[in-house]
Amino acid sequence: MGILNVTPDAFSDGGEHVDPARAVAAARAMAAQGAAIVDVGGESTRPGASVVDEAEELARVAPVLRALGADQPSGAALPEVVLSIDTRRASVAEAALDAGAVLVNDVSAGADPDMFPLVADRGAGICLMHMQGEPATMQDDPRYGDVVSEVAGFVEGRMRAAVDAGVAEDAIILDPGIGFGKTAEHNLALMRGLGTIVALGRPVLVGISRKGVIGELTGREVGDRLAGSLGAALAAVEAGAAVLRVHDVPETVDALRVFTEMRGGRA
Ligand code: HH2
């Protein structure tokens, strides 16, 4: 999953793709480089980020999704790729689904009461992520008893709630939410304990690309975390992750290809 942040303030690529034409070109490049999914987001959820109003979020993502949606399914400009909308708002998700998205990446795991009914009605996919607190304050002293069992219990509960609301179980992806209300130790524990979430039986998405835990382990600034992010990506796959949400698509595709070939598996 390639990340396309159409925001002025994302933590590592803020401002790069605010111009819709540049955003569309970046999405097409990621698809050509081997991304299976492109995740378009109009609201930064980095620690300390402020909430974007609905009109602004829609204005950011809609033109990009419409242009990318128009590429499908001919594949001429955009090879077959799943379009994903990174939003906590059902209204934004609905507009994105209208424009050609088929996956909703919801970092609040369905906090908007209209989200699960929408996803169910449209037969879309949904990624349910764990977050403790809200982006503005989530890194102010996050605490857990046992982070792995609490996060696994949360995503399992949200999966049940989604299914109860009519979402097909096989449309659900689960995500431990690396960096969302977690210290570096919590993030490491979740990576080491990823198997507990994998055991819930749904594909697991890991978004760790360039995040703070990579900085903690390597001492590198955001722009210099590619090698560390690749190490984390391979560790995630080894632990059973099915989807990697990354900024650096071609490098991750290469790393995965070599890793899986050498382990005798399939890329
Ligand atoms: N991380 C970010 C945003 N969305 N979605 C899922 N499912 N999992 C994640 O780990 C995840 C996510 C934060 O990273 P990024 O998009 O690069 O930054 P920002 O939130 O500043 O736009």
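This is a predicted model: local features need pLDDT of at least 70, side-chain atom pairs count only at pLDDT 80 or more; totals for chains, interfaces and linings use all residues.
Q: Which residues are closest to the ligand?
A: Ser44, Asn105, Asp175, Lys211 and Arg245 are the closest. In total, 19 residues surround the ligand.

Q: How do those shell residues divide into nonpolar, polar and charged?
A: The shell has 8 nonpolar, 6 polar and 5 charged residues.

Q: Which strands supply at least two residues of the shell?
A: Strand S1 (2-5) and strand S5 (125-129) each do.

Q: What is 2.7 Å from a nitrogen atom of the ligand?
A: An N or O atom in the side chain of Asn105.

Q: And the ligand's oxygen atoms? What is 2.9 Å from one of them?
A: An N or O atom in the side chain of His247. There is a backbone case too: a polar backbone atom of Thr45 is 2.8 Å from an oxygen atom of the ligand.

Q: How much of the ligand does the protein bury?
A: The protein buries 99% of the 480 Å² that the ligand exposes when taken alone.

Q: Switching to helix H2. Where does H2 bend?
A: At Val61, by about 30°. A proline, Pro63, follows within four residues.

Q: What span should H2 have, and how far apart are its ends?
A: H2 covers residues 54-71, which is 18 residues. At 1.5 Å a residue, H2 should span 26 Å. The end C-alpha atoms are 26 Å apart, so the two values agree.

Q: Which residues of H2 are buried?
A: Glu57, Arg60, Val61, Ala62, Val64, Leu65, Leu68, Gly69 and Asp71.

Q: Take Val64 in H2. Why does Val64 count as buried?
A: Its relative accessibility is 0%, and buried means under 20%.

Q: New topic: Ala161. Which helix is Ala161 in?
A: Ala161 lies in helix H5, residues 147-164.

Q: Why does Ala161 count as partly exposed?
A: Because its relative accessibility is 23%. Partly exposed runs between the 20% cut-off for buried and the 50% cut-off for exposed.

Q: Last one. How far apart are Ala161 and Ser50?
A: 28 Å, C-alpha to C-alpha. In sequence, Ala161 and Ser50 are 111 residues apart.

Notes: Residues are numbered from 1 along each chain as its sequence is written. Side-chain values use heavy atoms; hydrogens and water are left out. A residue is near a molecule or strand if one of its heavy atoms lies within 4 Å of it. A polar contact is a pair of N or O atoms within 3.5 Å; within protein, one must be able to donate a hydrogen and the other to accept it, and residues adjacent in sequence count only if both atoms are side-chain atoms. Accessible areas come from the Shrake-Rupley method with a 1.4 Å probe; for residues, only the protein chains shown count as cover. Ala, Val, Leu, Ile, Met, Phe, Trp, Tyr, Cys and Pro count as nonpolar, Asp, Glu, Lys and Arg as charged, and the others, Gly among them, as polar. The expected span of a helix is 1.5 Å times one less than its number of residues. The bend at a residue is the angle between axes fitted to the seven residues ending there and the seven starting there. Buried means under 20% relative accessible area, exposed over 50%, partly exposed in between (1.4 Å probe, protein chains only).
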